[in-house]
Amino acid sequence: MTDKKSSASDTAVEQELEGVPEHMMDDTPEATDAADAKLAALEEELAAAKQEVLYAQAETQNVRRRMEKEAQDARAYAATGFARDVLSVSDNLSRALEAIPAEMRESEAMKPLVIGLEATGRELESVFAKNGITRIAAMGMPLDPNQHQAMVEIPSTDAEPGTIIAEMQAGYMIKDRLLRPALVGVAKAAE
């Protein structure tokens with residue numbers, strides 16, 4: 001029975017191969033080896049092309065992520081220059097409030113002016129908070145060169161060396177970035 005099946009399949013193969021030129025039916029080992037070599041070369045080229053496509057997709061994804069991060073940072077920190085400029089206004093307002101003598105604060109004629117200046121200061125602080133601008137803690141803290149700029153060393157027996165004991169100008173952060181360092185005086189060992 002297997003002989004009948006194999007002879008029938010041989011006949012079907014012969015019928016299918018009718019009309020095919022002789023040079024295309026070359027089953028010599030050399031022809032098979034050449035075909036195998038071409039096939040292997042094509043498979044290598046295909047694998048290399050697939051790898052290049054994967055690298056290109058990864059690079060595209062990295063560029064997209066980087067652009068999204070840059071756009072997000074640009075939105076988050078867009079007001080940095082403006083905020084630095086407004087800090088000087090805040091400093092001047094604070095100095096003006098500190099300079100008002102106590103008797104002037106109690107005077108009925110000056111009380112509305114003082115109340116207005118204090119309300120302006122609170123509103124400015126509120127706007128800073130809404131925009132992620134926070135004041136850097138300085139007094140009594142150890143010097144942190146990432147947030148504080150030491151302007152002077154002050155001999156002190158009360159504070160440990162390296163501790164901030166004077167603040168000349170307040171420092172601020174905008175979200176997680178330094179907007180302006182605090183200008184401070186740092187304790188040093190008394191002589």
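1. Is Arg 64 buried, partly exposed or exposed? Arg 64 is partly exposed, with a relative accessible area of 42%. On this scale, buried means under 20% relative accessible area, exposed means over 50%, and partly exposed lies in between, with a 1.4 Å probe and protein chains only.

2. A word on the basis of these notes: the model is predicted, so local features need pLDDT of at least 70, side-chain atom pairs count only at pLDDT 80 or more, and totals for chains, interfaces and linings use all residues. Residues are numbered from 1 along each chain as its sequence is written, and side-chain values use heavy atoms, leaving out hydrogens and water.

3. Searching the whole structure turns up six salt bridges (a side-chain nitrogen of Lys or Arg within 4 Å of a carboxyl oxygen of Asp or Glu). One of them pairs Arg 64 with Glu 68, with 3.1 Å between the closest N and O atoms. The two residues sit four apart in helix α2 (residues 29-76), so about one helical turn separates them. Glu 68 is also partly exposed, at 45% relative accessibility. Helices here are DSSP runs of H or I with at least four residues, strands are runs of E with at least two, and both are numbered from the N terminus.

4. Lys 69 is partly exposed at 47% relative accessibility.

5. Do look at Asp 73 again: Asp 73 also forms a salt bridge with Arg 177, at 3.6 Å between the closest N and O atoms. This pair links distant parts of the chain, 104 residues apart, with Asp 73 in helix α2 and Arg 177 in strand β5 (residues 177-180). Through shared partners, Lys 69, Asp 73 and Arg 177 are joined into one network. Arg 177 is partly exposed, at 40% relative accessibility.

6. Now the helix packing. Helix α3 (residues 80-99) packs against helix α5 (residues 111-130) at an angle of about 150 degrees, with the axes 10 Å apart. Axes are lines fitted to C-alpha atoms over the stretch in contact, and angles run from 0 to 180 degrees between N-to-C directions.

7. In the contact (heavy atoms within 4.5 Å), the α3 residues include Val 86, Leu 87 and Leu 93, and those of α5 include Val 114, Leu 117 and Phe 128.
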